[in-house]
Amino acid sequence: MAMTATNLLGFDLEGLVAYCEGLGEKRFRAVQLFRWIHQRGVADFALMSDLAKSLRDKLAQSAEVSALRVLSEQRSADGTIKWLFDVGNGDAVESVYIPEDDRATLCISSQAGCAVGCRFCSTGHQGFSRNLSTAEIVAQLWFVEHLLRGEGKARDQSGRVISNIVMMGMGEPLQNYAALVPALRTFLDDHGYGLSRRRVTVSTSGVVPMIDRLREDCPVALAVSLHAPDDALRDQLVPLNKKYPIAELLQSCQRYLEAAPRDFITFEYCMLDGVNDAPEQAEQLVKLLKGEVPCKLNLIPFNPFPASGLKRSPRERVLAFAEVLIRAGIVTTVRKTRGDDIDAACGQLAGEVQDRTRAEQRMTRAPVVVHRRPSS
Ligand code: SAH
Ligand code: SF4
């Protein structure tokens, strides 16, 4: 194989069509190839029996279907599975498989590290290393889907395993927009994974201009990480708020709903003891959201990690907070914590990221500690 082999996991269908046209092949050949790769999980061109030998040879010269190297796999007693993937140069990212009665969700990473630097997030504490490519984003689903099919974990007649994708792993997906969109299209494509737009969720800390672009380019379900009822507190928890304050963020959510596959936005709210969990703050949140943005609230119990200096809100406090919202008519759920025994919960995905954020940038953030779990 040539040194510069193109990883075909990096193309959505239209991209693969263009690539195949460059090899002098018709569109339907690209469709066949796309189905071999994504629906059947085949990486070896020689096995793609309905492609002409000449095309298989051409592909073998110039292309590859290349998975990420698995550094570790951890299986929780509750069925949750977490993989750590090597993405080169000392960086690694994580994906988490979360089986439930009626669905199976894969939580996917979009970046090695994250530049947003949220106070309560282990990934944020590591700083930013680099964006993942489309191929590296898609490779997470490609690998897990076909691995677990091989283990007989298919959910139904369709033979498919993963029914839902959440872009809630490491990284801020809307700060890696160019790579994200072809990945989303591959998840949605009937010749790819055929997931419905309602079952693919992009979670963002609030990159307002990119929320608007996503609405135009590829509207999927949207989750917005709110975490505070006012700008003063949100500035501290989610530094991106200084650039895109709450009012602007909520306006972009309203615009998003015009094209969204669901008629509500999910707001995520990480419950931090004594920081954002007071009943008065719930009242403030009601004032902020009620009648403004059709939404659901998802309260996430904070998952502690050593360097955060923060604590999880006690259960009663979370329930009292939820009670205020529910009484005001806002649909509110408290997220179950899964995979506790393997540190697979939200915000605990630490990977192993070399912090390449420039030192002077780092200084502008609230106390930053580069946190690395002992390598396993
Ligand atoms: N960057 C995106 C998506 C990845 S984070 C975002 O911020 O939305 C996915 C979710 O996990 C976000 O809602 C985030 O706020 C939450 N989260 C981060 N750290 C957490 C922690 N330590 N405990 C609980 N939730 C956390
Ligand atoms: Fe980045 Fe999301 Fe973590 Fe904030 S919560 S640092 S945006 S990954």
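Student: What makes a helix crossing left-handed or right-handed?
Tutor: A crossing is left-handed if the near helix is turned anticlockwise from the far one by less than a right angle, and right-handed if it is turned clockwise. In this predicted model, the crossing of H10 and H11 is right-handed.

Student: At roughly what angle do the axes of H10 and H11 cross?
Tutor: The axes of H10, residues 279–289, and H11, residues 315–327, cross at roughly 30° and come within 9 Å. Angles under 35 degrees count as roughly parallel, and H10 and H11 are therefore roughly parallel to each other.

Student: Which residues of H10 and H11 meet?
Tutor: From H10 there are Pro279, Gln281, Ala282, Glu283, Leu285 and Val286, and they meet Arg317, Phe321, Val324 and Leu325 of H11. By class, this contact has 7 nonpolar, 1 polar and 2 charged residues.

Student: Now another pair: how far apart are the axes of H6 and H7?
Tutor: The axes of H6, residues 177–188, and H7, residues 208–217, are 12 Å apart, and the helices pack at about 30°. Their crossing is right-handed. Tyr177, Leu184 and Arg185 of H6 make the contact with Met210, Arg213, Leu214 and Asp217 of H7. That contact has 4 nonpolar, no polar and 3 charged residues.

Student: Turning to ligand 1, how many residues surround it?
Tutor: Ligand 1 is surrounded by 20 residues, and the closest are Phe120, Ser203, Ser225, His227 and Asn303.

Student: Which atom of Asn303 is 2.9 Å from the ligand 1 nitrogen?
Tutor: A polar backbone atom of Asn303 is 2.9 Å from a nitrogen atom of ligand 1.

Student: And what lies 2.6 Å from a polar side-chain atom of Ser225?
Tutor: An oxygen atom of ligand 1 lies at that distance from Ser225. For His227, a polar side-chain atom lies 2.7 Å from an oxygen atom of ligand 1.

Definitions and conventions:
Residues are numbered from 1 along each chain as its sequence is written. Chains are lettered from A and ligands numbered from 1 in the order in which they are written. This is a predicted model: local features need pLDDT of at least 70, side-chain atom pairs count only at pLDDT 80 or more; totals for chains, interfaces and linings use all residues. Side-chain values use heavy atoms; hydrogens and water are left out. Axes are lines fitted to C-alpha atoms, for helices over the stretch in contact, and angles run from 0 to 180 degrees between N-to-C directions. Helices (H or I, at least four residues) and strands (E, at least two) are DSSP runs, numbered from the N terminus. Angles under 35 degrees count as roughly parallel, over 145 as roughly antiparallel, 65 to 115 as roughly perpendicular and the rest as oblique. Contact means heavy atoms within 4.5 Å. Ala, Val, Leu, Ile, Met, Phe, Trp, Tyr, Cys and Pro count as nonpolar, Asp, Glu, Lys and Arg as charged, and the others, Gly among them, as polar. A residue is near a molecule or strand if one of its heavy atoms lies within 4 Å of it. A polar contact is a pair of N or O atoms within 3.5 Å; within protein, one must be able to donate a hydrogen and the other to accept it, and residues adjacent in sequence count only if both atoms are side-chain atoms.
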